[in-house]
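Biologist: Can you walk me through this one? I'd like to hear about the core, the aromatics and the surface.

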Amino acid sequence: MSETANCSVYVLTYNSDPKKLKITLDSILAQDYNEFEILISDDGSFKRDHFSIIKQYAKRFSCIQVLENSVNLGTVKNQQKALEEANGDLLIGLSPGDALYSKNTLRSLVSFYEKEKPLFFVGY
């Protein structure tokens with residue numbers, strides 16, 4: 001593990017509302033902690049409205065990786081795929097519409113993780 005833990009924030013999408021996805025991505029990118037990657041894993045959406053948002057963000061921010069399933073795998077397998085691609089010491093899952101309400105949320109989570117060294121934790 002690095003001196004400071006890094007985070008993989010994964011966002012699972014399926015026919016997602018573009019406005020909700022934007023809220024989520026903006027809240028992650030507003031963090032004052034920058035040792036993170038964002039994985040957006042789409043589960044074979046047939047509605048493609050949210051892809052314009054995904055492509056705009058991925059083009060502007062190198063920390064964003066887009067994973068696209070050609071068919072719907074279901075939530076569990078979609079999450080599994082995102083976790084397999086994640087490089088972080090700390091894995092954080094969000095859904096479109098979820099928001100990190102403070103600019104230091106990731107920093108607080110990493111601090112807790114490094115101090116307590118839990119095998120896993122839910123909530124904070």
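Modeller: Helices (H or I, at least four residues) and strands (E, at least two) are DSSP runs, numbered from the N terminus. This is a predicted model, where local features need pLDDT of at least 70, side-chain atom pairs count only at pLDDT 80 or more, and totals for chains, interfaces and linings use all residues. Residues are numbered from 1 along each chain as its sequence is written, and side-chain values use heavy atoms, leaving out hydrogens and water.

Biologist: Where does Leu119 sit?

Modeller: Leu119 is exposed, with a relative accessible area of 86%; exposed means over 50%, buried under 20%, partly exposed in between (1.4 Å probe, protein chains only). As for its place in the chain, look in the segment after helix H4 (105–116).

Biologist: Which residues does Ile92 touch, leaving out those up to four places away in sequence?

Modeller: Ile92 is one of the residues touching the most other members of the largest nonpolar core, a set of buried Ala, Val, Leu, Ile, Met, Phe, Trp, Tyr and Cys residues joined through side-chain atoms within 4.5 Å. Counting contact as heavy atoms within 4.5 Å, Ile92's partners are Cys7, Ser8, Val9, Tyr10, Leu106 and Leu109.

Biologist: How many degrees lie between the planes of Tyr14 and Phe46?

Modeller: Rings of Phe, Tyr and Trp (its six-membered ring) pair if their centres lie within 6.5 Å; planes under 30 degrees apart are stacked, over 60 edge-to-face, the rest tilted. Tyr14 and Phe46 are 32 residues apart. Their rings sit 6.2 Å centre to centre and count as edge-to-face, with an angle of 80 degrees.
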